[in-house]
Amino acid sequence: QVQLVESGGGLVQPGGSLRLSCAASGFTFRSYTMGWYRQAPGKERELVAAITEGGGTTNYADSVKGRFTISRDDAKNTVTLQMNNLKPENTAVYYCHVSFFNSWGQGTQVTVTS
């Protein structure tokens, strides 16, 4: 079955960086668009970034453009979110998602605080 396992979250100061990774299994990873979402306390889950099969197209939430980068390694079945210049408002649980199967990982907590 489809399985997504996120890692890399943690506590970081404003201006810092984190790199999230999602290990995928149970489907032909290279054939599907992958996404990162986040959910902050009291807010709805929102799309942060997505990358199409083959990595040809990426899209980002306006709030993270220029600071976050999504990438994929089809040989390793992983999708990565590099987050730079983090801000307190980026605090949330970050989830990996494959829309075709509507499957989610368990999430990884990112906390940005001084």
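Reply:
**The nonpolar core**

The largest nonpolar core holds 28 residues, and M34, W36, V79, L81, M83 and Y94 are the ones that touch the most other members. A nonpolar core here is a set of buried Ala, Val, Leu, Ile, Met, Phe, Trp, Tyr and Cys residues joined through side-chain atoms within 4.5 Å. Two or more residues of this core come from each of β3 (18-25), β4 (34-39), β5 (46-51), β7 (68-73), β8 (78-83), β9 (92-98) and β11 (108-112). In soluble globular proteins, nonpolar side chains tend to be buried together.

Before going further, please keep in mind that this is a predicted model, where local features need pLDDT of at least 70 and side-chain atom pairs count only at pLDDT 80 or more, while totals for chains, interfaces and linings use all residues. Residues are numbered from 1 along each chain as its sequence is written, and side-chain values use heavy atoms, with hydrogens and water left out.

Now for the setting of the core. The chain has 11 strands and 0 helices; both are DSSP runs numbered from the N terminus, helices being H or I of at least four residues and strands E of at least two. The radius of gyration of the chain, taken over C-alpha atoms, is 13 Å, close to the 13 Å that the globule rule gives for 114 residues, so the chain is as compact as a globular protein of that length. That rule is 2.2 Å times the number of residues to the power 0.38. Along its principal axes, the C-alpha trace spans about 40 × 25 × 20 Å.

Burial can be followed over the whole chain too: 40% of the 114 residues count as buried, where buried means under 20% relative accessible area, exposed over 50% and partly exposed in between, with a 1.4 Å probe and protein chains only. Of the contacts with a separation of 6 or more, 52% join residues 24 or more positions apart; a contact means heavy atoms within 4.5 Å.

In the loop between β7 and β8 sits N77, whose phi is near 55°, a positive value in a residue other than glycine. N77 is partly exposed, at a relative accessible area of 25%. The loop between β8 and β9 holds N85, which has a positive phi of about 50° although it is not a glycine. N85 is also partly exposed, with 40% relative accessibility.
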